[in-house]
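This report considers the backbone geometry of one structure. Please look at the sequence and the coordinates before reading on.

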Protein chains: 2
Amino acid sequence: MMPRPLNSRGMFEPRRIKHCRVCGSPVAYRVPADDNRERAICTSCGEIHYENPINVVGTVPVWEDQVLLCKRNIEPRRGLWTLPAGFLELGESTAEGALRETDEEAGARITLGELFTVLNVVRAGQLHLFYLARLHDTRFAPGPETMEAQLFREHEIPWDEIAFRTVRDTLRHFFEDRRKGSFSVHAGDVA
Amino acid sequence: MMPRPLNSRGMFEPRRIKHCRVCGSPVAYRVPADDNRERAICTSCGEIHYENPINVVGTVPVWEDQVLLCKRNIEPRRGLWTLPAGFLELGESTAEGALRETDEEAGARITLGELFTVLNVVRAGQLHLFYLARLHDTRFAPGPETMEAQLFREHEIPWDEIAFRTVRDTLRHFFEDRRKGSFSVHAGDVA
């Protein structure tokens, strides 16, 4: 996952817009005429700058009874384990983004399955979406954002060294659904 | 739904950032050192400006065998019918945003149900998420973005006057699932 304007506590940093993206003049925060929230409005050309939550997309790559995790080589949470995931880019669907991130972070060849979790991280201004995925083989080629990529059985998962709450929740749902023998979409929020 | 930087064909407008949001200096589009895509980078302070798809959240408000639609009073697609929906804001979850938009656009009191559709609109740089919802009553108070709010049975739906493809797909899935007697999450893309 690439850097975003979050502060040291992982909260979205409000009011980071100081200048207009169109003309470079200073902005002022006020409520536009047809709106009910403060926005950064250009004091010169009037351009309104909206800020919205962004999407993180990733996969649960499965090989037999094992799941692929990546040890993060970048901050935040360097050295902790994550499912392959990153920010959704313009020009791609959530499924395409999840596939791309799995390639970039783990160098893993997968067939994408169904959407599996949709988890809000409100304080970070993010929505995390994970897809089920089937690994084609066990040869991985981690990118620069990953120290190592490794397969884990359920009892081997390093629960105390998982980088993000959404990854922990997604893994828990995965093992629960696997025990039930049926997978469904899980939507919710994390603190 | 509020205005976004889309051009007249509803496509996301790239390269709209001309100046740095932090210092106001001109930006140049190039690939940052640890990245693989062009970003708007400040030629003075080095700030990197990411642009990502944004989320639209809404509901399928149900009363007995009827669904609530809103006739749009704003562009784009003024005069056409939509499910209540709008852009997700910072500080709220997708469920909270869907509830808020249903209040703002239709003045409808609802109990939110399960997440129902997750639909990519790649060319617009958007992800649309709709929740099932149960109406408490049939007294509506449409906001300024809505001409009128009206309940429709399946055979009454004005299919040729639906504002957005994601709304049409969501309504089709709703009536199909209702016939089957079981609702599940539908994820996919629209053209």
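## Backbone geometry in two loops

B:Glu64 is found in chain B, in the loop that runs between strand S4 (54-63) and strand S5. The model is predicted. The phi angle of B:Glu64 is positive, at about 50°, although this residue is not a glycine. Most residues other than glycine have a negative phi. B:Glu64 has a relative accessibility of 62% and counts as exposed, because the term applies to values over 50%.

In chain A, A:Glu64 lies in the loop between strand S4 (54-63) and S5. Its phi is near 50°, again a positive value in a residue other than glycine. The relative accessible area of A:Glu64 is 64%, and the residue is therefore exposed.

| Residue | Phi | Relative accessible area |
|---|---|---|
| A:Glu64 | near 50° | 64% |
| B:Glu64 | about 50° | 62% |

The second topic is the peptide bond. Most peptide bonds are trans. In chain A, however, A:Glu75 and A:Pro76 are joined by a cis peptide bond, with omega at about -5°. A:Pro76 is placed in the loop between strand S5 (66-72) and strand S6 (81-82) of chain A.

Chain B also has a cis peptide bond, here between B:Glu75 and B:Pro76, and its omega is about -5°. B:Pro76 belongs to the loop that links strand S5 (66-72) to strand S6 (81-82) in chain B.

Key: Residues are numbered from 1 along each chain as its sequence is written. Chains are lettered from A and ligands numbered from 1 in the order in which they are written. This is a predicted model: local features need pLDDT of at least 70, side-chain atom pairs count only at pLDDT 80 or more; totals for chains, interfaces and linings use all residues. Side-chain values use heavy atoms; hydrogens and water are left out. Helices (H or I, at least four residues) and strands (E, at least two) are DSSP runs, numbered from the N terminus. Buried means under 20% relative accessible area, exposed over 50%, partly exposed in between (1.4 Å probe, protein chains only).
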